[in-house]
Amino acid sequence: YFIYDWNCTKDAVKNNYDIIYHAGYQSSAISLFFFNKKSNSIFVTNMDGLEWKRSKWSFPVKLLTLLMEKIAVKYSDYLISDNIGIQNYFLKKYEIKSEHISYGANYSDSFDEEILDKYSLTKNNYFFVLARFEPENNIECIINGVILSETTTPLILIGNKNTRYGMYLTNKFSKYRNIKFFKSVYKKKELDSLRFFSKIYFHGHSVGGTNPSLLEAMACKCKIIAHDNEFNKSVLKEHSKYFKNTKDISKHILNFDEKNAIKNAEKLIEIIKTKYSWDKIINIHDDF
């Protein structure tokens, strides 16, 4: 990745583009350090999430990633934060202002119930998780909460099962018949349908900014229960239930109010249309 970003930045500088936009800093910070002062281009960096907090990294990698963050902050001409929580982080830690420009999503209204047959599911009768299988996405907490609730409703988890953590999860919970792991799915209509027909959509991401999968779930009218953190709350506001631990998950399942959840889902659709539509996000980039 370092070499790839280095070569891309070197080529962009050679072509003397007006703006060079880096989506993330972890592997591009060295390029920023080396090329910014040698170029007339304006360097803009979208800082993404708090990459150095990701538990998959070893301690030395976390330190290196934090160093890359500091370099990107210092040598970028402009910073973009995709979430108010990220914006606040850079203001507090580095006393530097960044422009808040989120990811986007478009409202979906095309869903195919027949797709559920592929997974032996019935509509509104399964829980759904779509995420990378990483510890900071709180997948184990969600699974344990479902088990603690003693529900027979299946929990469907879609992600890359072949990572070390993915294999750990599948092995640990293999004896539970209602905990079902499936490999990654890349067909949007299939994913949208799985989201839309779910009873509850659990979103456990905790160290990123505005997560694209959260916006896509909102756009599919999902009834969302999300991890309790500044990033998720800045997007979902009061239109979601939140969890901090396994007991919270179990409580939300046992006390699930479908009528209220549907009302919240409708509110989230309005948030997508008014704040996170791709047309709006593109226009914000143009104005920036």
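Good morning. I begin with the surface: the protein chain has an accessible surface of about 15200 Å², and carbon and sulfur atoms hold 52% of that area. Please keep in mind that the model before you is predicted.

Let me turn to the overall form. The C-alpha trace extends about 60 × 40 × 35 Å along its principal axes. A compact globule of 288 residues would have a radius of gyration near 19 Å, and the 20 Å found for the protein chain therefore agrees with that expectation. Of these 288 residues, 51% count as buried, that is, under 20% relative accessible area.

As for the fold, the protein chain contains 13 helices and 10 strands. Contacts were also examined by separation along the sequence. Among contacts in the protein chain with a separation of 6 or more, 70% are between residues 24 or more positions apart.

I now come to the second largest pocket, which holds about 200 Å³ of space. Which residues line this pocket? They are Lys 123, Asn 124, Phe 196, Phe 197, Ser 198, Lys 221, Lys 223, Glu 258, Ile 262 and Ala 265. Sorted by class, the lining has 4 nonpolar, 4 charged and 2 polar residues. Which helix gives the most to this lining? That is helix α12, spanning residues 258-276, which supplies 3 residues.

Thank you for your attention.

Technical notes: Residues are numbered from 1 along each chain as its sequence is written. This is a predicted model: local features need pLDDT of at least 70, side-chain atom pairs count only at pLDDT 80 or more; totals for chains, interfaces and linings use all residues. Side-chain values use heavy atoms; hydrogens and water are left out. On a 1 Å grid over the protein atoms alone, a cavity is a set of points where a 1.4 Å probe fits but cannot get out, and a pocket is an open set with protein on both sides within 12 Å along at least five of seven lines; lining residues have an atom within 4 Å of a point. Grid points are joined across faces, edges and corners, and a volume is the space filled by probe spheres set on the points. Helices (H or I, at least four residues) and strands (E, at least two) are DSSP runs, numbered from the N terminus. Ala, Val, Leu, Ile, Met, Phe, Trp, Tyr, Cys and Pro count as nonpolar, Asp, Glu, Lys and Arg as charged, and the others, Gly among them, as polar. The radius of gyration is taken over C-alpha atoms; the globule rule is 2.2 Å times the number of residues to the power 0.38. Buried means under 20% relative accessible area, exposed over 50%, partly exposed in between (1.4 Å probe, protein chains only). Contact means heavy atoms within 4.5 Å. Accessible areas come from the Shrake-Rupley method with a 1.4 Å probe; for residues, only the protein chains shown count as cover.
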